[in-house]
Amino acid sequence: MSGVLICADSTRSPEMRHEVPVAIPDAFLYAEQDGRRVVVVSSLEATRINEADPSIEVLPPDAFGFDELLAEGTAIDAAVLEVYARACRELGVA
C-alpha cells in the first residue's frame, strides 16, 4: 500500500477518526509511510494519542520550525502549511 496523508480534525472526519481514535476538534496532519505512522499535532494532544494508540508517533509543530516561522512574521495559516510540508518531506511523502 502506498502512503496515507490526511489533514483534518478527528471529530468531523471519519477517515481521520479511523486512523487516530481520539476526538481532536482542530485540524492536524496524519501521515503514514513505510509502516511509520505520524501525527503533527499540538503537544497538548500527545498524551491522549499515545494512550489511545502507542504506535502513532506524535511530533509537535515546533519540531518543524513553527515557532521560528511565527517569529519571522509568517502568518499562522502559512506557518501551519509550511510545517506540514516540512513534515511530509522528512517522511518521504510526495
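Start by selecting arginine 37 and glutamate 19, whose side chains meet in a salt bridge at 4.0 Å, N to O. (A salt bridge here is a side-chain nitrogen of Lys or Arg within 4 Å of a carboxyl oxygen of Asp or Glu.) Arginine 37 sits in strand β3 and glutamate 19 in helix α1 (residues 14-19), so this pair ties together parts that are 18 residues apart in sequence. (Helices, H or I with at least four residues, and strands, E with at least two, are DSSP runs numbered from the N terminus.)

A word on what you're looking at: this is a predicted model, in which local features need pLDDT of at least 70 and side-chain atom pairs count only at pLDDT 80 or more, while totals for chains, interfaces and linings use all residues. Residues are numbered from 1 along each chain as its sequence is written, and side-chain values use heavy atoms, with hydrogens and water left out.

Now, are those two partners buried or exposed? Arginine 37 counts as buried at 17% relative accessibility, and glutamate 19 is buried with a relative accessible area of 17%. (Buried means under 20% relative accessible area, exposed over 50%, and partly exposed in between, with a 1.4 Å probe and protein chains only.)

Next, pick glutamate 45 and arginine 48, another salt bridge, this one at 2.8 Å, N to O. Glutamate 45 is buried at 16% relative accessible area, whereas arginine 48 is partly exposed at 36%.

Move to aspartate 9 and arginine 12, where the side chains meet in a salt bridge at 2.6 Å, N to O. Here aspartate 9 is buried, with a relative accessible area of 6%, but arginine 12 is exposed, at 67%. How many salt bridges are there by this rule? The count comes to seven.

Time for the strands. Select β2 (28-33): five of its six residues are buried, so β2 is largely enclosed by the rest of the structure. β2 pairs with strand β1 (residues 4-8) in the antiparallel sense over five bridges. (Two strands pair if DSSP finds at least two bridges between them.) To see that pairing, show valine 4, which stands opposite glutamate 32 in β2. β2 also pairs with β3 in the antiparallel sense, again over five bridges, and there leucine 29 stands opposite valine 40 in β3.

Follow the chain from β2 into β3 (36-40) and stop in the loop at aspartate 34. The two strands form a hairpin with two residues between them, and aspartate 34 in the turn has a positive phi of about 55°. Most residues other than glycine have a negative phi. Aspartate 34 is exposed, with a relative accessible area of 77%.

Last stop: switch to a surface view and select Asp62, Asp67, Glu68 and Glu72, which gather in a patch of negative charge. (Patches are made of residues with over 30% relative accessible area and no salt bridge, like charges being joined within 9 Å and nonpolar side chains (Val, Leu, Ile, Met, Phe, Trp, Tyr) within 5 Å; accessible areas come from the Shrake-Rupley method with a 1.4 Å probe.) Zoom in on aspartate 62, in the loop between β4 (57-59) and α3 (66-71). Aspartate 62 is partly exposed, with a relative accessible area of 43%.

Conventions:
Lys, Arg positive; Asp, Glu negative; His and termini not counted. Charge placed at Lys NZ, Arg CZ, Asp CG, Glu CD.
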